[in-house]
Amino acid sequence: MATLLPPPKRQKVYHGVPAPEPEAPKPSPHIVVQFVSEEDGQPLAPAVNLPANVSREGLEAIVNKLNTKDEDPVPFAFHIALPAEATTPGAPTRIAISKSIEEDALSHPSHAFTPEDVFVIHCAPQAVFKVRPATRCSSTLSGHTSPILCASFSPTGNLLATGSGDCNARLWDLFTETPSHVLSGHKGWVLCVEWEAMERKLATGGHDGHVRLWDPKTGKPIGDALKGHTKWVTSLSWEPIHLNPSAPRLASSSKDGTVRVWSTLTRRCEYTLGGHTASVNVVRWGGGGLNGKGVLYTASSDRTVRIWDAERGRPLHTLKDHAHWVTTLTLNTDFVLRTGPFDHLGKKTTSDSEAQSLALKRYNTLVATAGELLITGSDDHTLFLWSLFPSRTGSADASAAAAERGGKLKPLARLTGHQRQVSHVAFSPDGRWAASAAWDNSVRVWDGRTGKFVATLRGHVAAVYRLAWSADSRLLVSASKDSTLKIWDLKSYKLKTDLPGHTDEVYCVDFVADKLVSGGRDRTVKIWKN
């Protein structure tokens, strides 16, 4: 008996209309792609011919296959620079490839690319660890009785210090998210808190002009206040661990126009830097300098930025390009100097010398490409990018050129675009990006090596006060007068998460591991996590 075939499958009909035929996938054009390194623009591999719809992950696999230098696969971020004639003012100047070349570049609204072009894709290696963006407020800690003016995570991220207008600083334990110590002693508002990079000491500066040192384990003061400033202390900075692992010195800048460098052993002022004619707003202790002995960078309301040799305090340069008060300053090594020997692996160091070598190794890998760079931001709405000490591995041409100009160093770039005063500028931990916040409600992202404008991040409805980067340089968080924090995604230059919750202006924010902390005028510390 012949096998009976099953009856033909009934066609599905929708209200009597047969289903449309499934569309065949559109053929994707083949394009020529040249992968170049973002750092020096050198091609990573010969140009390759690919289908345009290869996904971003596929491109990453191809680059890792073609690039034989690294054994382990490295995550990459890809972008294509928009040609100058296709950029619109205020819009991003580069296209980040998040899906595929076809979706991101060929169908870009500017129509700047055709399948016939050679696509030059800039590849930037990313951190091998990933920070999860915070999405919720995990605890709201009250305790301060006045607005919180400053907040800072300790280098390992286990402790948090906050300073407030109630004349107290407070330490918080981040494992349990509970208060651990109250540091009382200042007679005025606590304006700045700064951790020593080995987490052995905490320094606070107050409106009373005093600098105080604390032992974070016990919450007890180490000796009496360091007195000397005649007006309030505006900022503090510790000597980097790779220069002085056992007893780093501390620099404090003040409204009285001076910077004092304190020895933590003798508790005396080693020297005072006088030279500024108005309030010194920021001091930073850099790790490079002429003979690698460290440099002090100071920015002041007398419109100048001064560079000092940290060993004895002699002046090296004065930068006079700003037209108004210089209020903020950042180094591309800030993150490495701040975290000293602690990296994302969380390894404990046993001795000072081991910590020193680890810190030095981390510092050198960062400055190997571009040297220690500096960005200053001012109330004249602009920022300048400076390279004062060309990388020690680099050529002597730059230093010779500087000497030719009579030591007057020209800025690498002038970063313009903000419409109001710049409130804060911060380099990303890997030094590839810099972000600036201003009173014009916007955050701007710049290329950290060249100072070229990359994108504007809009979303805040009031002045943006502070910025903080995640340790993997993939996320940026901003704190604003509009009472919100916003986390921005640097793949798309769009808002990733909005964190409302504060009931008044947010004055300070800091980012460590997967945790964010913020404090402000509503007198509460909020800890946010994923």
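Start with the cysteines: a search of the whole structure turns up 0 disulfides, a disulfide being a pair of cysteine sulfur atoms within 2.5 Å. The model is predicted, so local features need pLDDT of at least 70, side-chain atom pairs count only at pLDDT 80 or more, and totals for chains, interfaces and linings use all residues. Residues are numbered from 1 along each chain as its sequence is written, and side-chain values use heavy atoms, with hydrogens and water left out.

**Stop 1**

Select Cys 137. Cys 137 is in no disulfide, and the nearest cysteine sulfur, that of Cys 508, lies 14 Å away. Cys 137 is partly exposed, with a relative accessible area of 31%. The classes used on this tour are buried (under 20% relative accessible area), exposed (over 50%) and partly exposed (in between), with a 1.4 Å probe and protein chains only.

Now select Cys 192. Cys 192 is in no disulfide either; the nearest cysteine sulfur belongs to Cys 150, 6.4 Å away. Cys 192 is buried, at a relative accessible area of 8%.

**Stop 2**

Go to strand S11, residues 168-173. Strands are DSSP runs of E with at least two residues, and helices are runs of H or I with at least four; both are numbered from the N terminus. In S11, 5 of the 6 residues are buried, so the strand is largely enclosed by the rest of the structure.

Two strands pair if DSSP finds at least two bridges between them. Pick Gly 163: its bridge partner in S11 is Ala 169. S10 and S11 make a hairpin with 3 residues between the strands, and there Cys 167 takes a positive phi near 70°.

Next, show strand S12, residues 178-184. S11 and S12 pair in the antiparallel sense over 6 bridges. Asp 173 has Thr 178 as its bridge partner in S12. This is a hairpin too, with 4 residues between S11 and S12. In the turn, Glu 177 has a positive phi of about 55°.

**Stop 3: Glu 177 and two lysines**

Stay on Glu 177 and display side chains. A salt bridge here is a side-chain nitrogen of Lys or Arg within 4 Å of a carboxyl oxygen of Asp or Glu. Glu 177 and Lys 515 are both buried.

Glu 177 forms a salt bridge with Lys 529, with the closest N and O atoms 3.3 Å apart. This pair also links distant parts of the chain: Lys 529 sits in strand S39 (residues 525-529), 352 residues from Glu 177. Glu 177 has a relative accessible area of 10%. Lys 529 is partly exposed, at 24%.

**Stop 4: Asp 472 to Arg 474**

Select Asp 472 and Arg 474. They form a salt bridge, the closest N and O atoms being 3.2 Å apart. Asp 472 is buried, and so is Arg 474. The salt bridge count comes to 21.

Return to Ser 473. Its phi is near 60°, a positive value in a residue other than glycine. Ser 473 lies in the loop between strand S33 (464-469) and strand S34 (475-480). At 3% relative accessibility, Ser 473 counts as buried.

**Stop 5: Arg 303**

Select Arg 303 for another positive phi in a residue other than glycine, near 75°. Arg 303 is in the loop between strand S22 (295-300) and strand S23 (305-309). With 45% relative accessibility, Arg 303 counts as partly exposed.
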